[in-house]
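Try each task yourself, then compare your steps with the solution below it.

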Amino acid sequence: MAAPESTAAAARARSVADAFLRRRDDARLVEAGFWLVALAVPIALPEHAAFGGQVLIMMLFALSLDFVLGYAGVLTLGHAAYFGVGAYVSGLLSAKLGWHEPLSGLVAAGAVSAAFGALSGWLLLRYRDLTLLMLTLAVSTTLFELANTWSSLTGGYDGLMGIQIAPIFGVFEWDIAGVTGYGYVLAVLLLCFVALRRFTVSPFGQALRGIRENTLRMRAIGAPILGHLTLAYTIAAAVAGIAGGLFAQTNNFITMDVLSFERSAAVLTVLILGGTGRLYGALFGALVYMLAADWLAKLSPVYWEFGVGLLLVVIVLLCPDGLLGLYDRVRAAFGGRAR
Amino acid sequence: MEHAVQAAVSILFDGIAYSMVLFVMAVGLSVTMGLMGVINLAHGAFAMAGGYLTVTFLGNLGLPFLPGLVLAVLAVGAASIPIEHTLYVRIYNRPHLDQVLLTIGVTLMAIAVATYAYGPSPLSIKLPAFLETQVGVFGRDFPAYRAFIIGVGVLAFLALWAGFERTMLGAKIRAAVDNRAMAEAAGVNTTRLFTLTFALGSALAALGGALAVDLVGLTPRFALQYLVLVLIVVSIGGFGTIMGAFAASLMIGVIDNAGRYLYPEGSAFFIYLVVILVLVVRPGGLFGRA
């Protein structure tokens, strides 16, 4: 009878798998460091709070892309569509309908973007590869042109004027330096991060990784591919919409640029720079990208554009798993343990 | 009534000229993407380079129109060979994501270089006198330059079609598109074939870019602006088919151009919606081989 032996083997395998998942998924102490530093920024450097808030928004936007691209493996050239929908929903609520309360505006931005993500995802995600790439591009371009056509509502290239946001909870007044805005964005970023983290370590997150690695095999074991992908896409659209909503609320002004191809390309660059499929890659990539953009664009926007282009080429050729992946490899080379 | 017919004919004529520019740009991309399986988002940058080199050759060096145009096309085709050898060969077998990123990177660098060298404002070229006039066709007058573009487009279509269907090189390319390993086994040097096809595709992009200068204007943004439209033509037409690219260019070009005249604000929105519907119903494109 081999039964007891195979039970023991199964138990051993389970404990190995358990240890692997714990090592991969459990929160580590070093993570708290990131959030403490983020919290300390407006206290230590209040004059950079406004810029810091924009960095945090880019982090949130890149996180949403990481969820579909890094975990579910969906390559999209039109992720700005959802950022833009969120930005216009919260912007229009205030500018045209006179609804100035920030939190409900943000929820509306996330909800409308999620609904649009669910619809477009359900329609598009049955396709793969080039067709999917073209469709995501076409959807975001359609929205861009729609905003242009409907410029009486959106303000078109001139931008949407007259966004006014009431104090948060009716208590925290917005300030010129942007400290309130920073705290507001940081709180939303943390909430979204925790939620996305829960999704990625859940069985659902594991199923997404499975689809990314081998769609055919996942289909063979009976996983609902389209359903899983559509749900992931919807979640990502909601988070991207919230990022867009924050962008509109903290800047009090948006143009059609929120829907542009350039923005989709930028968020892709951010994520690749940091590293995909690890959440912190999105955060780290956004920080480096925004600092570099700020520094180079001050010299000349032309330098910045060239710099981003060169960066993309170098990353693809030299470190396709991003800066955090590079860090892992360096650490492994010096005898440390890679993730 | 005569007035309406006159307007319809001239809108159609302009639309066909615009289509031919799209076709020349798209067919190069269609062939390279079909043959190499590389998502080449830098195709628009090669078109832009063709436009700017033509401006330089005609304006700064004072070359006559036709030699300047040919020289610009040849220069871009030649310059694309080392780019293929150093950059593109490294991404042939990589995931689509890497291909997208690298070619976006190349595009952004090209835009930056163009902005640095030529400035951000639109440039134009001086057309020779024989293209500034009107030509009579079927008793109507049409702008000669648009007629010239249509002529070039149709010639390019015929030459490519004949080259693909009737020559040994075309047969090798078709074989490699269908089954690269099998073509290699039969003794086709696909590496050299790739380089050659890539240079041809880039030269065609440059031709399209050069022809487009006087039609739609030239700024550094050209590399991205027309990339989307060209990608759409390619995906509607289906990869690697010359006939498909031709038919899709005519369809998109004529509709887009007519929309611009009849409903200036909404045309682009409409065309992209059509594209989504087409791709959802036929993912391989209207003329693709599924």
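**Exercise 1. Two helices of chain B**

At roughly what angle do the axes of helix H2 (residues 43-60) of chain B and helix H10 (residues 222-237) of chain B cross?

*Solution.* Please keep in mind that this model is predicted. Start with the axes: those of H2(B) and H10(B) come within 8 Å, and they cross at roughly 125 degrees. Next, classify the angle: H2(B) is therefore oblique to H10(B). The handedness of this crossing is right-handed. Now look for the residues that make the contact: H2(B) brings B:His43, B:Gly44, B:Ala45, B:Ala47, B:Met48 and B:Gly51, while H10(B) brings B:Phe222, B:Ala223, B:Leu224, B:Tyr226, B:Leu227 and B:Val230. Sorted by type, the residues of this contact are 9 nonpolar and 3 polar, with no charged ones.

**Exercise 2. Another partner for H2(B)**

Describe how H2(B) crosses helix H3 (residues 65-86) of chain B.

*Solution.* The axes of H2(B) and H3(B) come within 8 Å, with a crossing angle of roughly 140 degrees. Angles over 145 would count as roughly antiparallel, so H2(B) and H3(B) are oblique to each other. Their crossing is right-handed. Among the residues in the contact are B:Phe46, B:Leu53 and B:Phe57 of H2(B), and B:Phe65, B:Leu69 and B:Val76 of H3(B). The tally for the contact is 12 nonpolar, 4 polar and no charged residues.

**Exercise 3. A glycine in chain A**

Is A:Gly53 buried or exposed?

*Solution.* First locate A:Gly53: it lies in helix H3 (residues 49-71) of chain A. Then count around A:Gly53: 26 other C-beta atoms lie within 10 Å. The cut-off for a buried residue is 20 or more, so A:Gly53 is buried. Beyond its neighbours within four places in sequence, A:Gly53 is in contact with A:Gly178, A:Gly181, A:Tyr182, A:Val185 and A:Thr250.

**Exercise 4. Where the chains meet**

Which helix gives the most residues to the side of chain A that touches chain B?

*Solution.* Begin with the totals: 33 residues of chain A are in contact with 35 residues of chain B. Helices H6 (129-149), H12 (261-274) and H14 (301-318) of chain A each supply at least two residues of this side of chain A. H6(A) gives the most, with 14 residues. By type, the residues on this side of chain A are 25 nonpolar, 5 polar and 3 charged.

Key:
Residues are numbered from 1 along each chain as its sequence is written. Chains are lettered from A and ligands numbered from 1 in the order in which they are written. This is a predicted model: local features need pLDDT of at least 70, side-chain atom pairs count only at pLDDT 80 or more; totals for chains, interfaces and linings use all residues. Two residues are in contact if their C-beta atoms, placed from the backbone, lie within 7 Å. Helices (H or I, at least four residues) and strands (E, at least two) are DSSP runs, numbered from the N terminus. Ala, Val, Leu, Ile, Met, Phe, Trp, Tyr, Cys and Pro count as nonpolar, Asp, Glu, Lys and Arg as charged, and the others, Gly among them, as polar. Axes are lines fitted to C-alpha atoms, for helices over the stretch in contact, and angles run from 0 to 180 degrees between N-to-C directions. Angles under 35 degrees count as roughly parallel, over 145 as roughly antiparallel, 65 to 115 as roughly perpendicular and the rest as oblique. A crossing is left-handed if the near helix is turned anticlockwise from the far one by less than a right angle, and right-handed if clockwise. A residue is buried if 20 or more other C-beta atoms lie within 10 Å of its own, exposed if 12 or fewer, and partly exposed in between; C-beta atoms are placed from the backbone.
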